[in-house]
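Work through these exercises with the structure open beside you. Try each task before reading its solution.

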Protein chains: 2
Amino acid sequence: MTKIALIGFGVVGQAFAETIRDKKAMLKEKYGLKAEIVAIAGRSKGSIYDPEGLDLELLLRTFGETGTLESYPRGKKGLTSLETITETGADLIVEVTITNVETGEPALSHVKAALSNGKHVVTSNKGPAALAYKELKALADQHHVQYRIESTVLSGTPAINFASENLAGHKLYGVKGIINGTTNYILTKMEQGEKYEDVLKEAQELGYAEADPTADVEGWDAVAKIMILGNALLGGELKVEEVERKGITCITPEDIMAAKSKGERIKLIAEAYVEEGIVKAKVSPERVHLSDPLAGVSGTLNALTVMTDGLLEVTVIGGGAGGVGTAHGLLSDILAIHRTKS
Amino acid sequence: MTKIALIGFGVVGQAFAETIRDKKAMLKEKYGLKAEIVAIAGRSKGSIYDPEGLDLELLLRTFGETGTLESYPRGKKGLTSLETITETGADLIVEVTITNVETGEPALSHVKAALSNGKHVVTSNKGPAALAYKELKALADQHHVQYRIESTVLSGTPAINFASENLAGHKLYGVKGIINGTTNYILTKMEQGEKYEDVLKEAQELGYAEADPTADVEGWDAVAKIMILGNALLGGELKVEEVERKGITCITPEDIMAAKSKGERIKLIAEAYVEEGIVKAKVSPERVHLSDPLAGVSGTLNALTVMTDGLLEVTVIGGGAGGVGTAHGLLSDILAIHRTKS
């Protein structure tokens, strides 16, 4: 049995719990995975622990009614996140707290505590992966457990595992892609003749963009994700200040029309590559020819092109956000761990 | 150590041997895989077996000079393909003989012999996978070995493992894609104003199309591949006569222009889906809107869209033919077996 402790109970955490509730029988039958969530800790939602495994149907109902995990009628309450990681007998930690790409905290401490205690970590949290991938991977190796980050970029759309496992055996020269859905939505709409300000407002109303859109439109979100890709896939140790960054706020309708007249589209492209043995990365709006698969990536879709010696360019296109997609990315990582267990 | 016997020594077999020669040190260092090709059997090129492992540098040189495997100065010669499978102590068989989608032979017998003797099979051969996937998978399970077929569709571009492993945990509703490069090349060129007959001739000169183009342009190649996808990913047992099939010979420049005027492209789409619990499949030219990632797949590129409950649609785009790409698909399967070993 795989005993899971879930750290973080926002949109992704709740979607993950729902996914396990709905797919528990299938996971056992199809993959031989007996998955039990034994503990959950939320930042403002309390915590709950039952060594026998939580009844997720009941838990999601009582949480839905009260907004706190501690309304669950059984089990132990009041553990901190760190206690939930180290003292619940869980052998796999799903870390889905809110991303902080400046300090990585509190996720960084969570991941370190888990790995140091010999527990696998599966996470969608960009902070630790962007800031400390190499260190965390080494810590995982040292303790013979896995640190898996499929959901940190492109949510559940395969990216990390795609490049490192599906394409195992290839030499990777670099990756480039459209890894921020908000800006791609804005650029797609601007191509249809809408103005930047109007589209941004619309995106905010639809929930695609934050009230403060800086992280997306200035490229900071893409920077964090390309750091993860460069570090995890190319072996880099990128620092945020080393990533060239240009957002989309400078793009005018005229730029877009000029590109269109040449059979091109403007996309916010994030790229990581190896130059003279050093991993480099940049994020900037670029003209992409219509014959490039990235040109066909519209709206909030994300995409990643992997450049290899065996296949030249291979591209994955899919959704890049959302609780259900991210939850499935977490689940695919859990199943990958399950497959590699002896 | 993984002892490999290679059955078939045409374009793919030679590219595979070259890939192992070039990547042997990397495979050991990066993945801990000690891969040795201990035997090779070709239909018209003789056979060679050395229990200590073949010196691939030497083998490829002597083969290049003489056209026969038996000019290798050491080892045992004259084994048949079946003897090479069963009597060389290989624990993994790479089957890359020429595809026959009517009988599956001789590959079908090769695969059965290997699995029955407790040897993993990694193959690019479409015949056995299209005709007998379920039976071969059951045979593999029974003998606690793996039957891996990543390279049978989209050559080395992840498709089978993408859908079954990267997207593990998802419910798959169906797959659709552009899985024949020749017809996609012809349709792409026709969009640029060229005539079917002219493009076909050009494709034949470039080596993209066979002298007898029927298998490609009438959709038979796509039928075999969609049968594999439907059977391996959706659990079907499709027979060739159950697959609706329409080729591209009926497509006129007018059809293509009419589509273009509506923001659409005509693509030969292969699709497998589940209807009332039954797996069905069809191959036919369809209008694809430019907002669909499949519309952006140009020239000889292939693509596959997987429809799932967790992510809606996820698409992979990449090369679909060629020795080096296919060899890397075979290698990725070997590494997947290596990862799942206890």
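**Exercise 1.** Why is strand S12 (residues 301-308) of chain B largely enclosed by the rest of the structure?

*Solution.* Note that the model is predicted. Now count the buried residues of the strand. Seven of the eight residues of S12(B) are buried, so the rest of the structure largely encloses this strand.

Next, look at the strands on either side. Strand S8 (residues 172-178) of chain B pairs with S12(B) in the antiparallel sense, over six bridges. Strand S13 (residues 312-319) of chain B also pairs with S12(B) in the antiparallel sense, over eight bridges. S12(B) and S13(B) make a hairpin, with three residues between them.

**Exercise 2.** At what angle do helix H5 (residues 126-142) of chain B and helix H10 (residues 220-234) of chain B pack?

*Solution.* Take the two axes. They are 9 Å apart, and the helices pack at an angle of about 40°. The crossing of H5(B) past H10(B) is left-handed.

Next, name the residues that touch. H5(B) gives Lys126(B), Ala129(B), Ala130(B), Tyr133(B) and Lys134(B). From H10(B) come Ala224(B), Lys225(B), Met227(B), Ile228(B), Asn231(B) and Ala232(B).

Then sort them by class. Seven are nonpolar, one is polar and three are charged.

**Exercise 3.** How are the two copies, chain A and chain B, related?

Now inspect the contact. Chain A supplies 37 residues and chain B supplies 37 residues. Several elements of chain A each give at least two residues to its side, including helix H1 (11-31) and helix H12 (323-340). By class, the chain A side has 16 nonpolar, 18 polar and three charged residues.

Last, compare the two sides. 100% of the interface residues of chain A are also interface residues in chain B, so the copies meet through the same surface.

**Exercise 4.** How many strands form the open sheet, and which are its edge strands?

*Solution.* Begin where the chains join. S13(A) and S13(B) pair in the antiparallel sense over three bridges. There, Thr315(A) has Ile317(B) as its bridge partner.

The open sheet has 12 strands, with mixed pairing.

Stop at the edges. They are strand S9 (244-245) of chain A and strand S9 (244-245) of chain B, each pairing on one side only. S9(B) pairs with strand S11 (residues 278-289) of chain B in the parallel sense, over two bridges. Arg245(B) stands opposite Val283(B) of S11(B).

Technical notes: Residues are numbered from 1 along each chain as its sequence is written. Chains are lettered from A and ligands numbered from 1 in the order in which they are written. This is a predicted model: local features need pLDDT of at least 70, side-chain atom pairs count only at pLDDT 80 or more; totals for chains, interfaces and linings use all residues. A residue is buried if 20 or more other C-beta atoms lie within 10 Å of its own, exposed if 12 or fewer, and partly exposed in between; C-beta atoms are placed from the backbone. Helices (H or I, at least four residues) and strands (E, at least two) are DSSP runs, numbered from the N terminus. Two strands pair if DSSP finds at least two bridges between them. Two residues are in contact if their C-beta atoms, placed from the backbone, lie within 7 Å. Ala, Val, Leu, Ile, Met, Phe, Trp, Tyr, Cys and Pro count as nonpolar, Asp, Glu, Lys and Arg as charged, and the others, Gly among them, as polar. Axes are lines fitted to C-alpha atoms, for helices over the stretch in contact, and angles run from 0 to 180 degrees between N-to-C directions. A crossing is left-handed if the near helix is turned anticlockwise from the far one by less than a right angle, and right-handed if clockwise.
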